[in-house]
Amino acid sequence: MKKILIVEDDREIAELERDYLEASDFEVIIEEDGIKGQDAALNGGFDLVILDLMLPHIDGFNLCRRIRTKLDIPVIIVSARQTDIDKIRGFGLGADDYMTKPFSPGELVARAKAHLARYEQLKGAGKPGAEQLTCGELVLEPGSRRVFCRQQEVHLTNREFELLQFFMENPGIVFSREHLFERIWGVDALGDSATVAVHINRIREKIEEDPARPCYIATVRGAGYRFHKD
């Protein structure tokens, strides 16, 4: 049984989320403030976290960042904050999805299932002995799920790794944000394709000597992105 942590200070909303998730055979724990939520998330062995932003003691943005620095599990933000800035910040800190209140509990369950399935697929994607992908000083090993740039290991999240692998397997082809979102995130295109740009910027910060002038992942104005082809 998959374990899900809900960090939400509105008890009524938290219990509604819990009831729908438990009806789908998830084990669910609720924490109502950021400090307890952080301790539970980092030490409770959860498979997924559902996170509000406006929490006592530690807000959801900081909690998301702390979870992401320690764990690679799906994080879904569910918040009344609806601005694009909040969404982009949430994705930039490593959230996998962002839902705004009011929301459909059934859709939340569907997204949770989809993200868990996606993460399982990513974890099992690497096969021992898989051929490595190289471009200049960039090396990606599908089997070990490791990336090296200029002979230094680069640590990527699952989403960042899969996005970079997809680019390296398809050099020279222009992909739109929408295509990349559907290909990498799946989830029947649930969510916001703006997260693609956030993740590409994060990859650039990790592999480019000058992220403002990228050599590997180029922006094609009005069309999308293209990976450098030797």
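Which residue forms a salt bridge with Arg-11, and how far apart are the closest N and O atoms?

**Entry 1: ground rules.** I am working with a predicted model, where local features need pLDDT of at least 70, side-chain atom pairs count only at pLDDT 80 or more, and totals for chains, interfaces and linings use all residues. Residues are numbered from 1 along each chain as its sequence is written, and side-chain values use heavy atoms, with hydrogens and water left out.

**Entry 2: the whole chain.** I looked up the secondary structure and found eight helices and twelve strands. Both are DSSP runs numbered from the N terminus: helices are H or I with at least four residues, strands are E with at least two. Along the principal axes, the C-alpha atoms fill a box of roughly 55 × 40 × 30 Å. Buried means under 20% relative accessible area, exposed means over 50%, and partly exposed is in between (1.4 Å probe, protein chains only).

**Entry 3: back to my question.** The partner of Arg-11 is Glu-32, with the closest N and O atoms 2.5 Å apart. Glu-32 sits in the loop between β2 (27-31) and α2 (34-43) while Arg-11 belongs to helix α1 (residues 11-23), so this pair ties together parts that are 21 residues apart in sequence. A salt bridge here is a side-chain nitrogen of Lys or Arg within 4 Å of a carboxyl oxygen of Asp or Glu. I reminded myself that side chains of opposite charge can pair when their charged atoms come close. Glu-32 counts as partly exposed at 33% relative accessibility, and Arg-11 does too, at 34%.

**Entry 4: Glu-160.** Is Glu-160 buried or exposed? I found it buried, with a relative accessible area of 1%. Glu-160 forms a salt bridge with Arg-202, the closest N and O atoms being 2.9 Å apart. Arg-202 lies in helix α8 and Glu-160 in helix α6 (residues 158-169), so the pair ties together parts 42 residues apart in sequence. Glu-160 also meets Lys-206 in a salt bridge (2.7 Å, N to O). That pair links helix α6 to helix α8 as well, with its residues 46 apart. Lys-206 counts as partly exposed, at 30% relative accessibility. I then noted a network in which salt bridges that share partners join Arg-68, Asp-72, Asp-96 and Arg-159. The structure holds 17 salt bridges.

**Entry 5: a sheet.** I followed an open sheet of three strands in the order β10-β12-β11, with antiparallel pairing. Two strands pair if DSSP finds at least two bridges between them. β10 (174-175) and β11 (217-220) stand at the edges with a single partner strand each, so one side of each has no neighbour in the sheet. How many bridges join β11 to β12? I counted four, and β12 covers residues 224-227. Val-220 stands opposite Gly-224 in β12. Helix α8 (residues 194-207) packs on the sheet and touches β11 and β12. A contact means heavy atoms within 4.5 Å.

Terms used: Axes are lines fitted to C-alpha atoms, for helices over the stretch in contact, and angles run from 0 to 180 degrees between N-to-C directions.
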